[in-house]
Amino acid sequence: MSTSLLHYGANERKHIMLEKLGGKRTLDEATDEFYNRQVNDERLRKFFHGTDLAILKWHQFNLMGIAFAAVPENFDVNHLILVRHEHLFDQGLDETYFDCVMEHFTGTLKDMNISPDLIEETYNAILPLRAVFEQGAAEARKRRESQLRRDIFAKSAAVVAATLIVLTIRMARRQKK
């Protein structure tokens with residue numbers, strides 16, 4: 001069996017899932033409610049500061065449309081999340097926030113009277129992305145640790161340089177006496 005056939009089958013299932021959810025109109029409503037929940041969540045609010053929500057909702061609508069319909073074979077969702085959210089990972093975004101977002105996602109679907117079976121199916125379709133948030137958080141920790149080492153090295157070098165200057169000045173004064 002070819003991988004393109006497997007890919008097609010997965011996309012066909014996702015297309016059916018989108019239709020079960022109510023199509024693009026329902027997805028649009030869900031996107032609005034989904035972001036309203038997140039922006040009003042104290043745990044998540046910091047990640048939305050200074051963000052144009054209209055643009056963010058537009059991107060989310062398109063991504064969800066792709067996620068529940070047909071993901072192009074050359075579309076690397078994991079890479080997109082890691083690159084586009086790097087600054088958020090640097091601010092502390094991690095898998096615990098992914099879990100908060102998933103709470104809002106499933107809560108939004110429940111409020112829209114989506115069947116529990118379909119909510120579970122959509123949840124399971126998105127859940128593999130949690131690993132990307134674990135990876136992004138780990139990479140951010142490595143960047144912070146690397147920066148901390150560079151800062152410590154720079155401060156140590158400054159202390160050594162200052163000490164050498166003081167010692168040089170003291171030696172010069174002693175030689176003048």
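Predicted model: local features only at pLDDT ≥ 70, side-chain atom pairs only at ≥ 80, totals over all residues.
How many salt bridges does the structure hold? The structure holds 10.

Let me start with the fold. The chain has eight helices and zero strands, so read along the sequence the pattern is simply α-α-α-α-α-α-α-α, with helices taken as DSSP runs of at least four residues. There are 177 residues in the chain, and 28% of them count as buried. The accessible surface is about 11900 Å², and carbon and sulfur atoms make up 58% of that. As for contacts with a separation of 6 or more, 79% are between residues 24 or more positions apart.

Next, the inside. In soluble globular proteins, nonpolar side chains tend to be buried together. Here the largest nonpolar core has 23 residues, and Phe89, Leu93, Phe105 and Phe133 have the most contacts inside it. At least two residues each come from H2, H4, H5, H6, H7 and H8. Helix H6 gives the most, with six residues.

His104 lies in helix H6 and is buried, since its relative accessible area is 11% and the cut-off is under 20%. Among the residues His104 touches are Phe34, Gln38 and Leu44, along with Asp41 and Arg43. Asp41 sits in the loop between H2 and H3. Asp41 is also buried, at 8% relative accessible area. What does the side chain of Asp41 make polar contacts with? One partner is the side chain of Arg43, at 2.6 Å; another is the side chain of His104, at 2.6 Å.

Side chains of opposite charge can pair when their charged atoms come close. Asp32 pairs with Lys57, with the closest N and O atoms 3.5 Å apart. This pair links distant parts of the chain, as Asp32 is in helix H2 and Lys57 is in helix H3, 25 residues apart. Asp32 is partly exposed at 33%, whereas Lys57 is buried at 18%.

Glu33 and Arg37 form another salt bridge, at 3.3 Å between the closest N and O atoms. Both are in helix H2, and because they are four residues apart, about one helical turn separates them. Glu33 and Arg37 also belong to a network of salt bridges that includes Asp111.

Then there is Arg143 with Glu86, at 4.0 Å from N to O. Arg143 is in H8 and Glu86 in H5, so this pair ties together parts that are 57 residues apart in sequence. Arg143 is partly exposed at 29% relative accessibility, and Glu86 is partly exposed at 36%.

Val160, Leu164 and Leu167 form a nonpolar patch on the surface, together about 260 Å² of accessible area. Val160 lies in helix H8 and counts as partly exposed, at 48% relative accessibility.

Finally, Asn113, in the loop between H6 and H7. Most residues other than glycine have a negative phi. Asn113 has a positive one, near 60 degrees. Is Asn113 buried or exposed? At 71% relative accessibility, Asn113 counts as exposed.

Methods. Residues numbered from 1 in each chain as written. Heavy atoms only, no water. Patch = residues over 30% accessible without salt bridge, like charges linked within 9 Å, V, L, I, M, F, W, Y side chains within 5 Å. Areas by Shrake-Rupley, 256 points an atom, 1.4 Å probe, with all protein chains shown as cover. Salt bridge = Lys/Arg side-chain N within 4 Å of Asp/Glu carboxyl O. Buried < 20%, exposed > 50% of the residue type's maximum accessible area, 1.4 Å probe, protein only. Contact = heavy atoms within 4.5 Å. Core = buried A, V, L, I, M, F, W, Y, C linked by side-chain atoms within 4.5 Å. Polar contact = N/O pair within 3.5 Å; in protein donor to acceptor, adjacent residues only side chain to side chain. Lists of a residue's contacts leave out its neighbours within four places in sequence.
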